[in-house]
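Trainee: I'd like a close look at one part: the ligand surroundings. Take me through them slowly, and then show me what else goes with them.

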Amino acid sequence: MVQFTLPKNSKVKKGKAWNPPPAGAEEGRWREYRIYRFDPETGENPHLDTYWVDMNECGPMVLDALLWIKNTIDPTLTFRRSCREGVCGSCSMNIAGTNTLACTMHADDAKGAIPVYPLPHLKVIKDLVPDMTEFYAQHRSIEPWLKTDTPTPPKEWRQSHEDRQKLDGLYECILCACCSTACPSYWWNGDRYLGPAVLLQAERWVEDSRDERTGERLDELEDPFRLYRCHTILNCTKACPKGLNPAAAIASLKRKMVERSE
Ligand code: SF4
Ligand code: SF4
Ligand code: FES
């Protein structure tokens, strides 16, 4: 079997244990978190720090625990968050082995110590903050806005009820990247394969009855890498914290490619 060895400076080392619960602490009151820490400015390897969270003082979600740690124990802990209700997509991370949103994950859904890492296979800027530059550039590359030749109507672009319903399951995407960073094809070819999140967005605009550049949009995807690196492994759909189905959106794009070539 092939054996891989990580470069020395990428190995995750054991870190600091911050605030062990006091002796005789109530059973179940303290929850243990093991959190990935990385600060490029120190030149040190990443490490896993251990924190105990007092559940009598802290809300029930993983994001509550991260905020509690930051506010009461270690202000240097770095992560993204904004809405704290699953709509902005900024608190995506890998919690207890799954890509998900820290604000919608209940701590009780993980057993024992809870490991928290940044989204996998992206460069890490600091601690739980991955570099999303490439991901956003790929999103921009599909031109995610309405494109028309018809002059803009005085009030609004109208759409039938049925056509509007075709966007259900697509428009709800919050671009958290949980799906793309769970996709093996995206891990290996993320520089050329657009990945499930961006392809779901592409389908959203191809499917929009008001858009008048469907052909051009499909032409842009007609490429062995941008679309066709999806091998229907379905990790993406399993990972989506909004319950969307990027694999089905990709299958729909591929079907449209076949239909137009017939
Ligand atoms: S179905 Fe396609 S996009 Fe989804 S995880 Fe598998 S290869 Fe990636
Ligand atoms: S499809 Fe789901 S997992 Fe992927 S970016 Fe959108 S909301 Fe996040
Ligand atoms: S903070 Fe906005 S999705 Fe979690």
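Mentor: Let's settle the classes before we use them: Ala, Val, Leu, Ile, Met, Phe, Trp, Tyr, Cys and Pro count as nonpolar, Asp, Glu, Lys and Arg as charged, and the others, Gly among them, as polar. Keep in mind too that this is a predicted model.

With that sorting, the shell around ligand 2 comes out as 14 nonpolar residues, 1 charged residue and no polar ones. Who sits there? There are 15 residues around ligand 2, and those that come nearest are Cys 173, Cys 176, Cys 179, Ala 197 and Cys 240. Helix H5, residues 195-206, gives the largest share of that shell, with 3 residues.

Next, let's step back to the chain as a whole. Where the two meet, domain 1 brings 13 residues to the contact and domain 2 brings 11. On the side of domain 1 that touches domain 2, strand S5 (residues 98-101) gives the most, 3 residues. By class, that side of domain 1 has 7 polar and 6 nonpolar residues, and no charged ones.

S5 also leads us to the sheet. The sheet is open and has 6 strands, ordered S1-S3-S2-S6-S4-S5, with mixed pairing. S5 is one edge strand and S1 (13-17) is the other, each pairing on one side only. Going from one strand to the next, the twist averages 35 degrees.

As for how strands hold on to each other, strands of a sheet pair through backbone hydrogen bonds, either parallel or antiparallel. For S1 and strand S3 (residues 47-54) the sense is parallel, over 3 bridges. To see it on screen, find Lys 14, whose bridge partner in S3 is Leu 48. Finally, helix H1 (residues 62-72) packs on this sheet, touching strands S2 (30-37), S3, S4 (92-95) and S6 (114-117). The direction of H1 makes about 100 degrees with that of S3.

How values were computed. Residues numbered from 1 in each chain as written. Chains lettered and ligands numbered in written order. Predicted model: local features only at pLDDT ≥ 70, side-chain atom pairs only at ≥ 80, totals over all residues. Near = placed C-beta within 6 Å. Helix = DSSP H or I, 4+ residues; strand = E, 2+ residues; numbered from the N terminus. Contact = placed C-beta atoms within 7 Å. Pairing = 2+ DSSP bridges. Axes fitted to C-alpha atoms, helices over the stretch in contact; angles between N-to-C directions.
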